[in-house]
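Please look at the model shown here and read through the dialogue that follows. It takes up a few features in turn.

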Amino acid sequence: MTKVVAVTGNEAVANAFRQIEPDVCAAYPITPQTELMQRFASFVSNGQVKTELILVESEHSALSACVGAAAAGGRVATATSSQGLALMWEILFIAAGFRLPIVMPVVNRALSAPINIHCDHSDAMGARDSGWIQLWSENAQEAYDNTIQAFRIAEDMDIRLPVMVCYDGFIISHSIERIEYLDDETVKSFVGDYKPLFPLLDVDNPKSFGPLILTDLYHEVRKAHSETYKKVPQVVLRVAEEFEKISGRKYGFFEAYRLEDAEIGIVILNSAAGTTKDVIDEYRQRGVKVGLLKPRLFRPFPYEEIGNALKHLKALCVLDRADAFGGSYGPLYLDIAASLCNYSQKPLLINRIYGLGGRDYMPEQAAKVIEELMEIAKTGKVGSLKEYIGVRE
Amino acid sequence: MIGWKDIPPGMVILEAGSAMKIKTGSWRAAYRPKWIEENCIHCLLCWLYCPDNSVKVKDGKRGEFDYDYCKGCGICAVECPGKKGNKAIVMEEEVK
């Protein structure tokens, strides 16, 4: 039984937390995540969940408390944005290195300086190599669905890894959309009882987390850790398949939109994909063969599958909602380029930076990109590889 | 040494007391603790505070130091209450 509701993205994810009822949540408020944990705190204080909510003095402490609770043997969640994620930096690597299945929605927001509370992807992109699995979400429905699946993915005994669920600050977190809730029982039985691995509170079987590992073993430990990520894609697909059975909604590594017969294409993450699909429909009506790829599983990045889905194109634009300062390209662009680099036939690539600090991404921007791609496909010439779009001169 | 295929998830150590395999006494530099038995009231605070395994206890009584596990940190000497103002543990210079 599903229930159709009109809720914000944060409200939807808070409801997923209520349905899953983690043992422990430790969190610190930060815009635009605040509303999520505020709503979840109401569920705790109203007695709707038995979760132990730990209110801490910083995000560094929030994730540290989560690491302790997860090592102790509990199902654990937190949430953050922007500077909060930046402050968690060193603990992100520890949570992943300990293989603790913590689930953390990241409500995407720009990084300082200058300080800004609105959407871009520089926060989660900065954490992309920390060892957390990243699922990205176009809308509130996907944020809700990804949050439920995240617990199953994280807790899979083959991988046991922390998961971030990324969705756009304000655009999705604070806008009211129509979404379908699964009923509580369905979610509870889908996620299932928590099975701890090496719980510290199992005092009859003493164990140690976090030993000092030096030159004689560290290299092997990191190799073993790296190998673990090879198992993630199958787990993500297996969980998606089971989720489809309870929801009717299909998930995979990415969404391909009108891509199969396309000659030019756009790769874009999260909410801006919706706008882009509308503009693609307009161009399709005029006979322009344009398509879109929207990654969902961004870490680990499905290089082979994405490369295969894009290699037939003549021209491709990767739109990044995060710049890479220091003269590099957008983080999404770099991965797309890597996914295509070994094919002899591949599209010409350009990278466009859009929407930083919540700057609106308008249909005209998508149209301009499509026009440029049509020109590149026709002439085989790339003018400028990386540019900002929607920026005042 | 084990290869990468035998690394446990999260490098969690599942064997209790495995620190006994690592003899840290070689880290000791300038000072080592000395036990003065006549000043000892066998309160075992030194055993409790020792961050390694250098204080040996038998039948509830304190025994000699095991210098294989003593890094010379001096915590035992600081915590020792002694008897009538006389410490049962003092730090003395390492004899080279």
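Q: What area is buried between chain A and chain B?

A: Buried area is the accessible area (1.4 Å probe) that two parts lose on being put together, summed over both. Between chain A and chain B about 1,400 Å² is buried, and carbon and sulfur atoms give 80% of that area. The model is a predicted one, in which local features need pLDDT of at least 70 and side-chain atom pairs count only at pLDDT 80 or more, while totals for chains, interfaces and linings use all residues. Residues are numbered from 1 along each chain as its sequence is written, chains are lettered from A in the order in which they are written, and side-chain values use heavy atoms, with hydrogens and water left out.

Q: How many salt bridges does the rule find across the interface of chain A and chain B?

A: Side chains of opposite charge can pair when their charged atoms come close. A salt bridge is a side-chain nitrogen of Lys or Arg within 4 Å of a carboxyl oxygen of Asp or Glu. Across the interface of chain A and chain B, zero are found, although the count over all chains comes to 33.

Q: With which residue does A:Glu138 form a salt bridge?

A: The partner of A:Glu138 is A:Lys277, with the closest N and O atoms 2.9 Å apart. These two residues are 139 residues apart, and A:Lys277 lies in helix α11 (residues 272-285) of chain A. Helices (H or I, at least four residues) and strands (E, at least two) are DSSP runs, numbered from the N terminus.

Q: Is A:Glu138 buried or exposed?

A: Buried means under 20% relative accessible area, exposed over 50%, and partly exposed in between (1.4 Å probe, protein chains only). A:Glu138 is buried, at 10% relative accessibility, and A:Lys277 is buried as well, at 12%.

Q: What is the salt bridge distance between A:Glu255 and A:Lys294?

A: The side chains of A:Glu255 and A:Lys294 meet at 2.9 Å, N to O. A:Glu255 belongs to strand β9 (residues 254-257) of chain A and A:Lys294 to strand β11 (residues 290-295) of chain A. A:Glu255 is partly exposed at 25%, whereas A:Lys294 is buried at 3%. Salt bridges that share partners join A:Glu138, A:Glu142, A:Glu255, A:Lys277 and A:Lys294 into one network.

Q: What is the mean pLDDT of chain A?

A: pLDDT is the predictor's confidence in each residue, from 0 to 100. Where pLDDT is low, the predicted coordinates should not be read in detail. Chain A has a mean of 98, and 100% of its residues reach 70 or more.
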